[in-house]
Number of protein chains: 2
Amino acid sequence: MKTNLSTQPYKGTRDFYPEDMRVRNWLFGKWSNICRKYGYEEYDGPMLESFELYAAKSGEEIVNNELYSFEDKGHRKVAMRPEMTPTAARMVAAKLQELPKPIRWFTIPNLWRYEAPQRGRLREHWQLNVDIFGVESLDAEIEIIEIARDILLSYGAKQDMFECRINNRKLLDAVLRNFGILDNEDQQKYKVCKAIDKKDKISQDDFDQMLKDYNCTPEQIENLNKYLICTLDNISDFVSEEESGYQELITLFDLFSIEDKNSFIKFSPGLMRGFDYYTGTVFEYYDTDPINRRSMFGGGRYDDLVAIFNGQKIPAFGFGMGDVPAINFIEVHGLMPKLSSETDVLITIMDSNCKDYCLQIAEDLRNMGLNISTYIKSDKLDKQMKYADQKGIKYVVIAGETEVSKKTFKVKNMTDRTEQELKIEDLRLELFK
Amino acid sequence: MKTNLSTQPYKGTRDFYPEDMRVRNWLFGKWSNICRKYGYEEYDGPMLESFELYAAKSGEEIVNNELYSFEDKGHRKVAMRPEMTPTAARMVAAKLQELPKPIRWFTIPNLWRYEAPQRGRLREHWQLNVDIFGVESLDAEIEIIEIARDILLSYGAKQDMFECRINNRKLLDAVLRNFGILDNEDQQKYKVCKAIDKKDKISQDDFDQMLKDYNCTPEQIENLNKYLICTLDNISDFVSEEESGYQELITLFDLFSIEDKNSFIKFSPGLMRGFDYYTGTVFEYYDTDPINRRSMFGGGRYDDLVAIFNGQKIPAFGFGMGDVPAINFIEVHGLMPKLSSETDVLITIMDSNCKDYCLQIAEDLRNMGLNISTYIKSDKLDKQMKYADQKGIKYVVIAGETEVSKKTFKVKNMTDRTEQELKIEDLRLELFK
């Protein structure tokens, strides 16, 4: 009968035992709650999509290296979703006319990437996706960036524990154009953008060498390096103030400062975000903890993505927030609460003569709205009490032969170990609060 | 820019737009709620498992024909889970010693089967799984069958809208042994069991022919047909009352009748359930509606499954309940409630001068705990009102130039179309209940 089947989950994935699931449910509850506060509605799509959906517009790296794709038995090439935005865009495109605008959607899908498992990066992970469709103005940016902030605050975080770095793809396009870095037959602009995306992870020398390899002149390299450390005040040294990317960026910072909400936002000239579909504002939230200073999540504007389905454009702005970096942030900052058992009361079963009496108590308490576990088999009382302790159940009800004959029951509070005996007709909800 | 990408979801899967998701969340909420009432805790496992996990113990048909399996880039053969029980068994086996018993678990995973999509059978579906580990006695059967009943009742169903058919694998084994139908080199018993499983879907002649093809004698065929219409009272014509399968079945019916809860349970001598891992009681809930008389879901005892990992047995009993038959049952019986929007209030935006005033109202109402959507862009008031109607949002707040100057706001109840104007300091939660 025994086999050599492993009890381990598949590489890069996690088993969620009840104590892990409690954390996940707590986190997803925070996420949903804030989204609903802003009028966002939950949606979901299938786990499998056609391969072409990702080939069309995600980053090249994902499609070539990281995608879980295979042929189904009907010879369709399918992929396990590596991100949710293409699915959201597909669903919006399918009902573009009938959906009332603005469309405010959120979802918490599990996503798949084939990659070497490492800290914070797993093959299966969950991600909150929040998107607004149909809003051209920067009001979309403001609302979405505030939702992300409110989620971090809902963990109990202080505003100085994180910052939101902001950039604009159109601005960067204009800067590169001014520097003479273009989307020529060498795809120079595309390659330089990928180099900028990697800059934080490599040395200055390696960065310069990459640019040289991509046929950048020494002057272009110098200009780029100067630009990448510029501030809001001197962007205009590199680009005309007439450029729409410049105007969007400056206006966005003005809008935040009007509401005095600008303390956590910061211009970041080298911020790229991986996906190829971004068209305007991009942002990324960073943990400011000195030992954990890393990107947690981000998003941006993708006004062209929905149009790949039917040619009709609709402005779109959103972000995706993974569960692994979220839990990491919460733990690094000591914000994880002690989550107690969802089961309110354990009903002990002393022997089979008392069972019906005890099960009736269980049924009555369930009808009052409580979550009740029964020990189900007869066992020594101390073993049953230990079970309640192990499961973190706060109250235990005991009714053995004596209690049954007296029509009473005992309630033990497992926190302070106090016990009281009551008549069966005094059974009520308030005893267990 | 335009491509020929389809906006349709992958064959046999569903997109859940917000109105569909609301139904799904309502259903899953009912499921979780009843499980928690009985002290069951939520868990989850990965979407991908090793192929061997299903090859070991699921039904042959699933593994050969219906499994979504492929090789990952590291040449591991993996499968998208077609059912949750093997994952649950794997997780229990991994922590068998440390988990306090009884183990009560539930989960609502999405599952995959490659098959021709048809009514009630999709490639991706969701399924509630409820399992109890560590209880040998029939108390496990009673609790689990009652949870399933309570879930149906929680939809608003009456007890006569469904019935629970019960059988016992050990009993059937003993009967077949008595008839001389054995697990010989022809796998006669295995094949006959599969024929019995199909009996309801084929004619009597086809059934008899199948048995004949499996080398059953005319006498065996006659005996089998007699047995398959027997009742609780005359099972003993076919099997000794000493058989454990017989005793379990009779005791289970006795236990139900003590509590006067036997009106919805019914002995069904031909009930098999597809999975190969069942070892004792099996059950299946049927819709009793004459036009919809079909199996909705079921489960059973699988005391040997956990042992395939490490040789250590633990008794187990549980069921799986799919979302598609559940919604079908709810709709056929007219039990689907009208689910209203989770967004409580729409804040209209009359023009850019009033925007900050309106956004402040939105923020204040969110802080009071309400879910608030803003129209975000200026538009004609009737267009904004129409949006609230389309979204099913019950209250609209209006504050144009006049209201801003008077420091007031208007609240419109979209159900009865009444409107009132109030001072801004009178903004409070109760206006929107």
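Analyst: Start with Y375(B), in the loop that links β14 (372-374) and α14 (381-391) of chain B. Helices (H or I, at least four residues) and strands (E, at least two) are DSSP runs, numbered from the N terminus. The model is predicted: local features need pLDDT of at least 70, side-chain atom pairs pLDDT 80 or more, while totals for chains, interfaces and linings use all residues. Residues are numbered from 1 along each chain as its sequence is written, and chains are lettered from A in the order in which they are written.

User: Why is Y375(B) called buried?

Analyst: The count is 21 C-beta neighbours inside 10 Å. Buried takes 20 or more other C-beta atoms within 10 Å, exposed 12 or fewer, partly exposed in between; C-beta atoms are placed from the backbone. So Y375(B) is buried.

User: Which residues does Y375(B) touch, leaving out those up to four places away in sequence?

Analyst: L346(B), I347(B), T348(B), I349(B), Q384(B) and Y387(B). Contact means C-beta atoms, placed from the backbone, within 7 Å. I349(B) is 26 residues from Y375(B) in sequence, but 6.0 Å away in space, C-alpha to C-alpha.

User: What makes up the contact between chain A and chain B?

Analyst: Chain A gives 65 residues and chain B gives 66. On the chain A side, α1(A) gives the most, with 5 residues. That side divides into 29 nonpolar, 15 polar and 21 charged residues. Nonpolar covers Ala, Val, Leu, Ile, Met, Phe, Trp, Tyr, Cys and Pro; charged covers Asp, Glu, Lys and Arg; the others, Gly among them, are polar.

Conventions: Two residues are in contact if their C-beta atoms, placed from the backbone, lie within 7 Å.
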